[in-house]
Amino acid sequence: MNTVERVEVLLPGKVEPEGLELHRGPVPEPGAGQLLLAMEATGVSFAEQQMRRGRYYDQPDFPFVPGYDLVGTVRAAGPGVAPDLLGRRVAVMMKTGGWASHVVVDAADAVEVPPGVTAAEAETAVVNGITAWQMLHRKAGVRAGGTVLVHGANGGVGSILVQLALAAGIRVIGTASTRHHDALRALGVEPVDYRSGNVAVRVRALAPAGVDAVFDHVGGDGIVDSWRLLAPGGTLVSYGSAATRDDEGSGSWPVLRLLGRVWWWNALPNGRSAYFFNVWAGRAYAKDRFRTRLRSDLTQVFAALQRGEITAKVAAEIPLARAAEAMRLAESGTVAGKVVLVP
């Protein structure tokens, strides 16, 4: 097994994409309860873009291997793991460590990818799909006939979220740049140009009574408009701070500021609610429950992908050794869908 070389991409510190380092070494052995995966696809997400700036909340100390999630084939199983997993394709969400040709993971974190779904397709739906599914169904709980506003409707999370909502019979208003509007209309989304400068006014014109939920990955001061667009009983789900991506200073401050706003809004007696969504919530103190929920929800997402209710949007497949190029492309804002790294 160890005659095969392991390749990994290391993030050494706060660097430009070209500062990413390619390292080679022996393939690791899985321990008790673990699997060795041969990576088939791993993604470039907003998390890695923030991490290279040192601005992702709760990121590890430099240096480390990025890679929030991956899809791979089981090549070896450690003691205590059922051997029938060998050769199967699985998906894992891990926060860091995915940008490598071979990765050791806990078997309890692996979710099998169904037949007919490629590695790249599955990769687009791991962290993005889990985030979209849990925000829509576990946090907002919007029913058929309701109306939601999705910011960044063409993005990684947003594109899956709008499709899940439409499949559930929910009306979707989505913000995006004008070049994505035709594709969004084809899905059934009512698009709004986020660069128009009057987003709140235009959304209010489409939904005079307000919307049942807003999904906001932008953060910053604009989140106040998201709160004000809610109908009575509506829910705001904030899940990022893209507006502060290029800021300097602490990566924790934008999150803490959002949490403060959420706390204040929930204290108001107006029947509306707000959440700051963290896909890792509950893992530290209820790991078994967290894993059970993640397995159930990701299985639902993969089933929706298999049925064609959601479509995988792969912007590009780029070899792992060209991770810098992949990072630049993902950060360019010129692509729709997810940039995927492959062996």
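A nonpolar core is a set of buried Ala, Val, Leu, Ile, Met, Phe, Trp, Tyr and Cys residues joined through side-chain atoms within 4.5 Å. In this predicted model, the largest such core has 72 residues. Met93, Trp99, Val148, Phe215 and Phe302 have the most contacts inside that core.

Met93 shows what such a residue touches. Its contacts include Tyr68, Asp69, Val126 and Val127. Val279, Trp280, Phe290 and Leu294 are also on the list, which leaves out residues up to four places away in sequence. Another core lies apart from the largest one. This other core has 17 residues, among them Leu149, Val192, Leu229 and Trp265.

**The sheet**

An open sheet is formed by 6 strands. Their order is β10-β9-β8-β11-β12-β13, and the pairing is parallel. The edges are β10 (190-193) and β13 (273-276). Each has a single partner strand, so one side of each is left without a neighbour in the sheet. On average, neighbouring strands are turned by 15° against each other, direction ignored.

Strands β11 (residues 211-216) and β12 (residues 230-238) run parallel and are joined by 5 bridges. Val214 has Leu236 in β12 as its bridge partner.

Helices pack here too. Helix α6 (residues 199-206) touches β8, β9 and β10. The direction of α6 makes about 160° with that of β10. Helix α4 (residues 156-167) lies across β8 (147-150), β9 (171-176) and β11. This helix runs at about 170° to β8.

**Aromatic pairs**

The structure holds 4 aromatic pairs. One of them joins Phe62 and Phe64: the planes are at 15°, so the pair is stacked. The centres of these two rings are 5.6 Å apart.

Tyr68 and Trp280 form a tilted pair, with 6.0 Å centre to centre and 50° between the planes. This pair links distant parts of the chain, 212 residues apart. Tyr68 sits in the loop between α1 (46-51) and β4 (69-77). Trp280 sits in the loop between β13 and α9 (287-307).

The table gives the values.

| Residue | Relative accessibility | Class |
|---|---|---|
| Phe62 | 28% | partly exposed |
| Phe64 | 8% | buried |
| Tyr68 | 5% | buried |
| Trp280 | 13% | buried |

Tyr68 and Trp280 also belong to one aromatic cluster, together with Tyr56 and Phe290.

Notes: Residues are numbered from 1 along each chain as its sequence is written. This is a predicted model: local features need pLDDT of at least 70, side-chain atom pairs count only at pLDDT 80 or more; totals for chains, interfaces and linings use all residues. Side-chain values use heavy atoms; hydrogens and water are left out. Two strands pair if DSSP finds at least two bridges between them. Helices (H or I, at least four residues) and strands (E, at least two) are DSSP runs, numbered from the N terminus. Axes are lines fitted to C-alpha atoms, for helices over the stretch in contact, and angles run from 0 to 180 degrees between N-to-C directions. Contact means heavy atoms within 4.5 Å. Buried means under 20% relative accessible area, exposed over 50%, partly exposed in between (1.4 Å probe, protein chains only). Rings of Phe, Tyr and Trp (its six-membered ring) pair if their centres lie within 6.5 Å; planes under 30 degrees apart count as stacked, over 60 as edge-to-face and the rest as tilted.
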